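Hi,

Here is the structure I promised to pass on.

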Amino acid sequence: MNQRARPAPTSDSPTHQQGSLEAFLQSKATRPTNQSTAKASAAISLSTSNDLNQRIRVCVRKRPLNKKETSNQEVDIAPLRGSRTIELNAPKTRIDLTRYTETHTFTFDDTFDGSSSNTQIYARTAQPLVDYIFKGGKATCFAHGQTGSGKTYTMLDPNHGLYVLAAQDIFRLLSSEYYAHLSASVGFYEIYQGQLFDLLNQKAKLVARDDGNGNVVIAGLREYPIGSVEDLMSVFEYGNQGRTTGKTGANNKSSRSHAVLQILLKTKTSPAKVHGKLSFIDLAGSERGADRGDANDKTRQEGAEINKSLLALKECIRALDQNKNHTPFRGSKLTQVLRDSFTGDSRTCMIATISPNNSNSEHTLNTLRYADRYRIEAIQELD
Ligand SMILES: Nc1ncnc2c1ncn2[C@@H]1O[C@H](COP(=O)(O)OP(=O)(O)OP(=O)(O)O)[C@@H](O)[C@H]1O
């Protein structure tokens with residue numbers, strides 16, 4: 001039986017029992033903060049090597065086999081070959097029921113296996129983006145992959161997600177005299193069933209608009225000033241409690257929405273100007289009917305909407321890949337919001353997350369193919 005971790009909002013009337021962000025932060029102020037997770041990270045190199053300075057980087061992260069997969073005697077069918085190449089040995093069955101293996105090989109900017117930590121991944125994915133926003137740019141780091149493959153673990157894990165590691169560097173840089181004119185603030189929203197909801201403002205409905213210069217503006221989004229890593233973690237904790245998750249056959253705490261956490265660097269002038277923006281996007285996972293387990297209507301409807309928006313994202317990647325004049329960004333709220341991550345001089349890092357086991361080979365091939373398309377787009381840009 002499918003169980004929801006918490007009630008999900010309906011499209012036109014989001015349900016939420018959350019108090020305000022201020023009340024939440026006040027209640028936390030009386031509790032000790034988790035200092036151990038906010039240790040200063042290794043020194044950031046402001047002159048990152050050239051291979052990390054591409055406009056688009058595409059990396060793959062393979063998670064370890066989980067307990068269930070191991071006890072089902074599943075095996076890892078996606079060995080890494082060096083630091084950039086991954087092989088997928090997909091099990092196949094012929095019409096006469098004989099079995100064979102189909103091998104696919106892909107090369108990306110970086111590949112990581114189950115032994116890689118978030119800190120190692122951060123250094124090759126989001127850290128260069130932190131550098132970039134301090135130089136005045138816009139950057140996006142997003143995770144894409146099937147349900148249960150490790151997107152949330154990578155991007156938005158409350159203690160060691162890439163956003164925490166980025167915040168450690170951001171506040172270290174902000175504490176230097178060189179950046180004394182800048183301050184940070186955070187916005188956090190989810191895209192659920194084709195609509196935007198503010199996770200820092202009791203799920204108020206938001207509207208995505210084009211500002212006329214090709215920039216996407218989320219009208220009404222609450223931006224909360226933050227002065228430390230602990231501040232950001234508390235604000236995130238509050239917002240994350242409102243995020244729509246549910247239990248599916250593939251993941252006990254599956255994200256049923258796309259979540260966007262954006263950290264803004266602003267000048268301390270009046271009015272303040274946006275100096276740089278870094279968005280972390282944790283996409284809801286692509287799923288098949290079987291992944292949903294014993295799903296109710298709502299879970300099925302959510303799954304259909306998730307797949308529809310991810311399909312729109314794939315259409316955009318395909319259009320970019322084929323150099324089409326028109327890229328269908330208007331195809332979904334997700335692609336509308338992601339639009340300025342794909343165009344202009346913004347920097348983007350896609351982390352394609354995959355499951356290693358044989359029964360997910362179809363999904364894994366699909367994820368690797370789209371990540372590959374996106375990378376070809378990046379290479380064409382360089383030519
Ligand atoms: N690299 C990893 N090392 C150890 N455990 C991991 C790793 N990646 C994911 N996991 C574990 O696998 C489970 C699923 O991960 P996660 O929730 O991040 O998947 P997801 O891709 O965000 O799924 P969904 O799309 O359903 O939200 C979690 O229990 C998580 O802790």
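Let's start with the ligand. Two elements, α5 (151-155) and β13 (254-255), each supply at least two residues of the shell around it, and α5 gives the most, with three residues. (Helices are DSSP runs of H or I with at least four residues, strands are runs of E with at least two, and both are numbered from the N terminus.) Before you read on, please keep in mind that this is a predicted model: local features need pLDDT of at least 70, side-chain atom pairs count only at pLDDT 80 or more, and totals for chains, interfaces and linings use all residues. Residues are numbered from 1 along each chain as its sequence is written, and side-chain values use heavy atoms, with hydrogens and water left out.

There are 15 residues around the ligand, and Thr147, Lys151, Tyr153, Ser254 and Ser255 come nearest; a residue counts as near if one of its heavy atoms lies within 4 Å. By class, the shell has two nonpolar, 10 polar and three charged residues. (Ala, Val, Leu, Ile, Met, Phe, Trp, Tyr, Cys and Pro count as nonpolar, Asp, Glu, Lys and Arg as charged, and the others, Gly among them, as polar.)

Now the polar contacts, meaning pairs of N or O atoms within 3.5 Å. An N or O atom in the side chain of Lys151 is 2.7 Å from a ligand oxygen. Gly148 brings a backbone N or O atom to 2.8 Å from an oxygen atom of the ligand, and for a backbone N or O atom of Ser149 the distance is 3.2 Å. On its own the ligand has 640 Å² of accessible area, and the protein covers 75% of that (Shrake-Rupley method, 1.4 Å probe).

On to the helices. α6 (residues 162-174) packs with α7 (residues 229-241) at an angle of about 145 degrees, their axes 9 Å apart. Axes are lines fitted to C-alpha atoms over the stretch in contact, and angles run from 0 to 180 degrees between N-to-C directions. The contact (heavy atoms within 4.5 Å) includes Tyr163 and Phe171 of α6 and Leu232 and Phe236 of α7. It has eight nonpolar, one polar and no charged residues.

α6 also meets α4 (residues 127-134): those axes come within 10 Å and cross at roughly 35 degrees. Among the residues in that contact are Ile133 and Phe134 of α4 and Ile170 and Leu173 of α6.

Two backbone details to finish. Ser270 and Pro271 are joined by a cis peptide bond, with omega about -5 degrees, and Pro271 sits in the loop between β14 (258-267) and β15 (274-282). Gln73 is not a glycine, yet its phi is positive, about 60 degrees; look for Gln73 in the loop between α2 (67-71) and β2 (80-81).

Cheers

Notes:
Polar contact = N/O pair within 3.5 Å; in protein donor to acceptor, adjacent residues only side chain to side chain.
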